Amino acid sequence: MTSFNAKTRAERFDAIVDFAKGSPVDTGFGYLDGDGNVDTSRPVELWITCRMTHVFSLASLKGDGEAAKLAAHGVQALSTSFHDEEFGGWFSAIGHDAENVEIVDGTKAAYAHAFVVLAASSATVAGIEGAKELLDQALAAQDEIWWEEGHAKVRESFNREFTETEDYRGVNANMHTVEAYLAAFDATSDRKWLDRALAILDWVLNEQAAGNNWRIPEHYSADWEPIADYNIDKPQDPFRPYGYTPGHGLEWARLALHAGAELERVGEEAPEWIREDAKQLVKRAVEDGWNVGGRPGFVYTVDEEGVPVARERMHWVLCEAIGAVVTLLKVLKDDPREDEKDFVKWLKPLTQEFWDFAQRYFIDVIGNWIHELDPFNLPSTNTWPGKPDAYHVAQMLLLPDLPLAPTFALALKQAEKRGAVKG
């Protein structure tokens, strides 16, 4: 097996981008099946179109001219086919015909709208035509629609007309909003987006995670009271599974470290809780999720005692595990405190251990990523049929070669100016 070195990462990044190049349709980017063909039985979804636009923007910053054209296609689709000219915001899902756009799902969702901000931010940094205007629209929607000032978090969803909002609130949408706000801060230099990201992180980590043995409750009422049994009958739901999600603990840890690094980039000291909470989140997620019951891999969800609920292994969880370990080691390994040395010793081998698992089970014979494995590490499609997502893999492969701040797009742009990153 190959080591997780720069050459391997660059090759695998190019491979995932090349696979993603099969996704464009007239109205955005479609859902790829296991062979890399668009599944025309599925609508064109906002979150997929945004993620692909983001990935192609990153690839364009590494010198991929075809990816730049695809990023421009994504910006165009988000600015036209997906945008609701009547009520504002962006449709969750549409048809494939750009001449007569069918609204398949007119719901307005915070989760997907966060990805509009991420895609527009990355495309803006990459210099894609129309991206700055799209970003301005997306950020205005965050101010006008999504941000609840009294809670310092975003609400979950609305109907198309923005007249009815869901009583449910979720940290998944807020997690990706943190990611989007950090990217927006990089693209605009507007401190508001960094401050809002930090406010969400502070509440989720210091109140929710710290009060639940470093497991983060996923589901809440409109007043942000946890709903412990939410979706107890849907433990494998792709976006709102019952229980606690180790992969999200890892993702929150990484985002917190990015936010702390952003503060340091602008000359401020990162609060100590970011470093401490990130360590606790990674430790808890690995203890709960990795190699449970004698089988390698990360389980999807656990209950409040850390007992596995959904034992499927998702590729995105493994990617976030590698990303969290890489980012945490960037913070710790050069200057660990005396009380952190044993923790760093435990942490260091995990990157290669996780990568070895990916090579053995997740990366198929032609180099693409299976999205889901069953509890016996055989390919499964219970939750994620096909291979629609390039975003988790692409970001994971870039992380070791970039600083923690600025985040991906601006970091790549700055690295390219220095000649430090080669595509």
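Helix H5 covers residues 131–146, and helix H6 covers residues 171–188. In this predicted model, their axes come within 12 Å and cross at roughly 130 degrees. H5 and H6 are therefore oblique to each other. Angles over 145 degrees would count as roughly antiparallel. The crossing of H5 past H6 is left-handed.

Which residues of H5 and H6 meet? From H5 come Leu135, Leu139 and Gln142. From H6 come Thr177, Tyr181, Ala184, Ala187 and Thr188. Five residues of this contact are nonpolar and three are polar. None is charged.

Now turn to the other partner of H5. Helix H4 spans residues 110–125. The axes of H4 and H5 come within 8 Å, and they cross at roughly 150 degrees. That angle makes H4 roughly antiparallel to H5. This crossing, too, is left-handed.

The H4 side of the contact is made by Ala110, His113, Ala114, Val116, Val117, Ala120, Ser121, Ala123 and Thr124. The H5 side is made by Ala131, Lys132, Leu134, Leu135, Ala138, Leu139, Gln142 and Trp146. By class, twelve of these residues are nonpolar, four are polar and one is charged. Some names come back here. Leu135, Leu139 and Gln142 of H5 touch H4, and Leu135, Leu139 and Gln142 also meet H6.

Next comes a sheet. Strands of a sheet pair through backbone hydrogen bonds, either parallel or antiparallel. Here three strands form an open sheet in the order E3-E4-E5. Their pairing is antiparallel. Which strands lie at the edges? They are E3 (44–45) and E5 (103–105), and each pairs on one side only. Strand E4 holds residues 93–94, and two bridges join E4 to E5. Within this pair, Ala93 stands opposite Asp105 of E5.

Two spots in the backbone deserve a look. Most residues other than glycine have a negative phi, and most peptide bonds are trans. Asn213 is not a glycine, yet its phi is positive, at about 55 degrees. Where does Asn213 lie? Look in the loop between helix H7 (191–209) and strand E11 (219–220). The other spot is the peptide bond from Ala405 to Pro406. This bond is cis, with omega near -5 degrees. Pro406 sits in the loop between helix H13 (391–398) and helix H14 (408–418).

Finally, step back to the whole chain. How many helices and strands does the chain have? There are 14 helices and 13 strands. The radius of gyration of the chain is 20 Å, close to the 22 Å that the globule rule gives for 423 residues, so the chain is as compact as a globular protein of that length. Along its principal axes, the C-alpha trace spans about 60 × 50 × 45 Å.

Methods:
Residues numbered from 1 in each chain as written. Predicted model: local features only at pLDDT ≥ 70, side-chain atom pairs only at ≥ 80, totals over all residues. Heavy atoms only, no water. Axes fitted to C-alpha atoms, helices over the stretch in contact; angles between N-to-C directions. Helix = DSSP H or I, 4+ residues; strand = E, 2+ residues; numbered from the N terminus. Parallel < 35°, antiparallel > 145°, perpendicular 65-115°, else oblique. Left-handed = near helix turned anticlockwise from the far one by under 90°. Contact = heavy atoms within 4.5 Å. Nonpolar A, V, L, I, M, F, W, Y, C, P; charged D, E, K, R; others polar. Pairing = 2+ DSSP bridges. Rg over C-alpha atoms; globule rule 2.2 N^0.38 Å.
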